[in-house]
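I opened a new page for this one and kept my notes in the order I looked things up. Here is what I was looking at.

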Amino acid sequence: MALDLMLTLTILFLTVVLFIWGKYRADFVALLSMTALLLSGILSPEEALSGFSNTLVIMIAGLFVVGAGIFRTGLAEMAGRKVVRIGKGKPRVLLILFMGLVAFLSAFMSNTGTVAVLMPVIMNVSLQMNISPSRFLMPVAYASSLGGVLTLIGTPPNLIVSNTLTEYGYERLGFFAFTPVGVVALSVGIIIIATFWNKLIPSKETFVSEAGRGQAPSELLKTYGLSASVFTLKILNDSRMKNCALKDLRLPNRYGITVLLLERSKSASGLKNRYEPETASAKTVIQSGDLLHVEGNEKAVRAFAQDYQLMICEMTAEDLEERLVDKNTGVAEMLLTPDSDFIGRTVQELDFRETYRLNVAAIHRKDRYLTKNCGHIKLKFGDALLVQGEWTELDRLNKFVRDFVVVGNTSEEAAVAQANGKAVHALVILTSMLLLMTFEITAPVTAVLIAALLMLFSGCLRNIDEAYSRINWESVILIGAMLPMATALEKTGGVEVFSAWLIDGLGVYGPLALLAAFYVSSMIFSQVISNTATAVLFAPIAIVTAMETGISPYPLVIAVSVATSMAFATPIASPPNAMVMTAGGYSFADFIKAGVPLQLVIFIIMLIVIPYFFPF
């Protein structure tokens, strides 16, 4: 047994060293650790692989899917823009609102995803207010970590300590068990940062990309100014176009007009007209009541409307945007490559519409956006083309890499567009999941799986492939591969050794000293290795220590979980920290300057708060 213990501690030591070194991904290191325990004979194959059959791992994977549905439908971004409207013009108020919103969202979904979704909103509004985005980004990253402490599903360590408690025969933690402690920690964090904002958070110069590069579809429409050259025409009963095929009209040649979108009336008896978009191909036959959204010179469009007895309909830029970018159709930007066959030829010569089943709506050349007669303009190297059509066709453009490069991720944009209008569905699903978990109507993992499946069936996510792609497999593998380490430590007596060492050294000073020791140790470890790995290692030691000293294990495991979420002192302490480091232009020292004082103050407060809500 002594030899097995030495082997386990050696593997643990090497695992921690590799985590700190950071050359290899955390999930790969965890898999190496699990394999070493298996090959050394310390664990059987069943024990080594037991982590992947743990309900905790399935639950965390399901939560990623639920969170993806929330983000896809725009629910989080809508909340962010609402905050901007309330706090715009009042920087400190906006800071508090942003931190509160990010913390709230992080309590129910991925803190990394929350920060990623709201970062563009934060950067845009800060630049409009002539304030460096760095003043907001670091506080928001900190708030996402603090928000994880608010609920059971806020962060993996919360789930890990709850799961570990049940393994030792204790009652699992409720959905809002962490909330009182989390609210205090979050409040302290917001107060400190808002009060000492100018001293703690630096103002850095940040790089803002060139307009039009990698923008969302709706932003591309604004950047190219397409609404000024797009007109909506209605086919009347006496129109000469009725029952004609588009190819026979030769609109690009005769009028320099491109049909971007056709909407066909789907009215039913006694109901108001309802229009649905349809793909307008060369063979499309025009019917009475159709709406044509065409791009071209205003004079040419009016001449066309007069020649064919068409009615020009008034449409706002917002209405046009909703029609050109929806769950079926969208826009994308493509750049010509140096050896492209497109160079020196016009869009008409390329027969672009028939070849790619898409429309070239505008051309960006140097500092000009060309929206008139695009089909007759000879293309040059450096031109960017704004193309419009069905998402499936836009996605196919990525295959033609020789002639052009598509800017941005069309698959991602298509998924977002398809989920548009599903925010209410996502909110209902999330609320239902929380109610099932809060009132323990079903097991937590069952509630999560039901919610994940409903996100798919309701259309909040496009398909099962997208659901799988939104799961952070690194986190899932890390947890599944690290759980056997806790089993090995328990099996070889390592947990008892660490527990005895803590009791011998600090037990004489009382339970508060033990709580402080677990808090500080977990906090330090989580700055350099994954908070998930930290919780897996320290949770069983905390429970055994409590059992040996005759105190409740709850305050000690709560301390472990809360401390692992206090990831403020380094940019590698959490994914949100790493994410904002580049965008905010921060240095390593900036995180130390702001993070260490914040962690020390919260530590002192937690020594009072945790025993109050979870007595020894």
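**Entry 1: the whole chain**

I began with burial, and 53% of the 616 residues of the protein count as buried. My cut-offs: buried is under 20% relative accessible area, exposed is over 50%, and partly exposed is in between, with a 1.4 Å probe and protein chains only. I have to remember that this is a predicted model, where local features need pLDDT of at least 70 and side-chain atom pairs count only at pLDDT 80 or more, while totals for chains, interfaces and linings use all residues. I also noted that residues are numbered from 1 along each chain as its sequence is written, and that side-chain values use heavy atoms, with hydrogens and water left out.

The C-alpha trace spans about 95 × 55 × 50 Å along its principal axes. I found 30 helices and ten strands. Both are DSSP runs numbered from the N terminus: helices are H or I with at least four residues, strands are E with at least two.

Next I looked at contacts, meaning heavy atoms within 4.5 Å. Among those between residues at least 6 apart in sequence, 77% join residues at least 24 apart.

**Entry 2: a sheet with E1 in it**

I traced an open sheet of five strands, in the order E3-E2-E4-E1-E5, with antiparallel pairing. Two strands pair if DSSP finds at least two bridges between them. Strand E3 (275–278) and strand E5 (310–313) are at the edges with a single partner strand each, so one side of each has no neighbour in the sheet. Neighbouring strands are turned by 30° against each other on average, direction ignored.

I zoomed in on strand E1 (residues 230–235) and strand E4 (residues 291–295), which are antiparallel and share five bridges. Lysine 234 sits opposite leucine 291 in E4.

Helix H15 (residues 298–307) lies across E1, E4 and E5, at about 5° to E1. Helix H16 (residues 317–324) packs on the sheet too, touching E1, strand E2 (258–265) and E4, and its direction makes about 85° with that of E2. For these angles, axes are lines fitted to C-alpha atoms, for helices over the stretch in contact, and the angles run from 0 to 180 degrees between N-to-C directions.

**Entry 3: a sheet with E6 in it**

I then followed another open sheet of five strands: E8-E7-E9-E6-E10, with antiparallel pairing. Its edge strands are strand E8 (368–370) and strand E10 (404–407), each pairing on one side only. The twist averages 30° from one strand to the next.

Why is E6 largely enclosed by the rest of the structure? Because seven of its eight residues are buried. E6 pairs with E9 over seven antiparallel bridges, and leucine 335 faces alanine 384 in E9. With E10, E6 has four antiparallel bridges, and there leucine 336 stands opposite phenylalanine 404.

Over at strand E7 (residues 359–365), I saw three bridges to E8, again antiparallel. Arginine 365 has arginine 368 in E8 as its bridge partner. Helix H12 (residues 217–224) lies across strand E6 (329–336), E7, E8 and strand E9 (384–390), at about 65° to E6.

**Entry 4: threonine 346**

Where does threonine 346 lie? I found it in the loop between E6 and helix H17 (347–350). Threonine 346 counts as buried because its relative accessibility is 8%. Its side chain reaches the backbone oxygen of glycine 375 at 3.5 Å. Leaving aside neighbours within four places in sequence, threonine 346 is in contact with Gly375, His376, Ile377 and Lys378.

**Entry 5: nonpolar cores**

A nonpolar core is a set of buried Ala, Val, Leu, Ile, Met, Phe, Trp, Tyr and Cys residues joined through side-chain atoms within 4.5 Å. The largest one has 151 residues, of which Met433, Tyr519 and Ile602 touch the most other members. Helix H4 (residues 55–72) gives the most to this core, with twelve residues. Not counting residues up to four places away in sequence, methionine 433 touches Leu63, Val66, Ile153, Ala447, Val448 and Ala451. I also found a second, separate core of 37 residues, including Leu226, Leu260, Leu385 and Phe404.

**Entry 6: cysteines**

How many disulfides does the structure hold? Zero, taking a disulfide as a pair of cysteine sulfur atoms within 2.5 Å. For cysteine 244, the nearest cysteine sulfur is that of cysteine 313, 19 Å away. Cysteine 244 counts as partly exposed because its relative accessibility is 23%, whereas cysteine 374, at 3%, counts as buried.

Terms used: Polar contact = N/O pair within 3.5 Å; in protein donor to acceptor, adjacent residues only side chain to side chain.
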